[in-house]
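Grab a pencil and work through these exercises with the structure on screen. Try each task before you read the solution under it.

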Amino acid sequence: MKIDGQCHCGLVTFEAEIDPEWVSICHCTDCQTLTGSPYRVTVICAGEAIRLTGKSPKIYAKPGDNGLIRFQHFCPECGSPLFTSGENGGPEDWGIRWGSIRQRDQLQPQRQIWCRSAAPWINDLKALPGLATE
Ligand SMILES: [Zn+2]
Ligand SMILES: [Zn+2]
């Protein structure tokens, strides 16, 4: 599936070829801190499948628990998280943040990891009073 997307301010833009089966949720504490949200939704793909079509993102590097460095790509202007990548370079090495993808309404998560650290209220959202807009 062909997708495209951008950061919030539009400085960083991209196109990619992805498999919709590879959309996943991560509940790990790093993802919570990096996104400011209870979990992160990512489409996993190979680095070659992504083509940057705008300005380059800024890259932040930090070793994960397994000792391998993970790179976090974000817009230098608006700070939107866009991609993650690692040192491996394998077919599942890159991740595209779901919220940056224009076709995200067609991309539903197929699996979730790090459920151990999931926010305890994550399955109770249906019980909250809700409005269609703010
Ligand atoms: Zn931006
Ligand atoms: Zn995570």
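**Exercise 1. Work out what share of the 134 residues of the chain counts as buried, and whether the overall dimensions fit a compact globule.**

Step 1. A residue is buried if 20 or more other C-beta atoms lie within 10 Å of its own, exposed if 12 or fewer, and partly exposed in between, with C-beta atoms placed from the backbone. By that rule, 25% of the 134 residues are buried.

Step 2. Before going on, know what you're looking at: this is a predicted model, where local features need pLDDT of at least 70, side-chain atom pairs count only at pLDDT 80 or more, and totals for chains, interfaces and linings use all residues. Residues are numbered from 1 along each chain as its sequence is written, while chains are lettered from A and ligands numbered from 1 in the order in which they are written.

Step 3. Now the radius of gyration, which is taken over C-alpha atoms; the globule rule is 2.2 Å times the number of residues to the power 0.38. For 134 residues that rule gives a value near 14 Å, and the chain has 15 Å, so the two agree.

Step 4. Along its principal axes, the C-alpha trace spans about 40 × 35 × 30 Å.

Step 5. Last, contacts: two residues are in contact if their C-beta atoms, placed from the backbone, lie within 7 Å. Take the contacts with a separation of 6 or more: 57% of them join residues 24 or more positions apart.

**Exercise 2. List the elements of the chain from the N terminus on.**

Step 1. Helices (H or I, at least four residues) and strands (E, at least two) are DSSP runs, numbered from the N terminus.

Step 2. Count them and you get one helix and 10 strands.

Step 3. Written in order, that's β-β-β-α-β-β-β-β-β-β-β.

**Exercise 3. Find the order of the seven strands in their open sheet, then follow the pairing.**

Step 1. Strands of a sheet pair through backbone hydrogen bonds, either parallel or antiparallel. Here two strands pair if DSSP finds at least two bridges between them.

Step 2. The order is β6-β7-β8-β9-β4-β3-β10, with mixed pairing. β6 (58-63) and β10 (111-113) each have a single partner strand, so one side of each has no neighbour in the sheet. Neighbouring strands are turned by 30° against each other on average, direction ignored; the axes behind such angles are lines fitted to C-alpha atoms, for helices over the stretch in contact, and angles run from 0 to 180 degrees between N-to-C directions.

Step 3. Start at β6: six bridges join it, antiparallel, to β7 (residues 69-74), and I59 faces H73 there.

Step 4. β7 runs antiparallel to β8 over five bridges, with Q72 opposite T84. These two strands form a hairpin with six residues between them, and G79 in the turn has a positive phi of about 80°.

Step 5. β8 and β9 are antiparallel too, over two bridges, and T84 sits opposite G95.

Step 6. Four bridges link β9 and β4, again antiparallel, with R97 as the bridge partner of T42. On to β3, which pairs with β4 over four antiparallel bridges; S24 is opposite T42.

**Exercise 4. Describe the open sheet of three strands.**

Step 1. The order is β1-β2-β5, with antiparallel pairing. β1 (2-6) and β5 (50-52) are the edge strands, each pairing on one side only.

Step 2. β2 and β5 share three bridges, and F14 stands opposite L52.

**Exercise 5. Which residues touch the most other members of the largest nonpolar core?**

Step 1. A nonpolar core is a set of buried Ala, Val, Leu, Ile, Met, Phe, Trp, Tyr and Cys residues joined through C-beta atoms within 7 Å.

Step 2. This one has 22 residues, and A16, V43, C45, I50, L82 and I96 touch the most other members. Elements giving two or more residues are β2 (13-17), β3 (23-26), β4 (40-45), β8 (81-86) and β9 (94-97).

Step 3. Zoom in on β4: five of its six residues are buried.

**Exercise 6. Is P38 buried, exposed or partly exposed?**

Step 1. Find P38 in the loop between α1 (29-35) and β4.

Step 2. P38 has 16 other C-beta atoms within 10 Å, so P38 is partly exposed.

Step 3. Beyond its neighbours within four places in sequence, P38 contacts Q32, A119 and I122.
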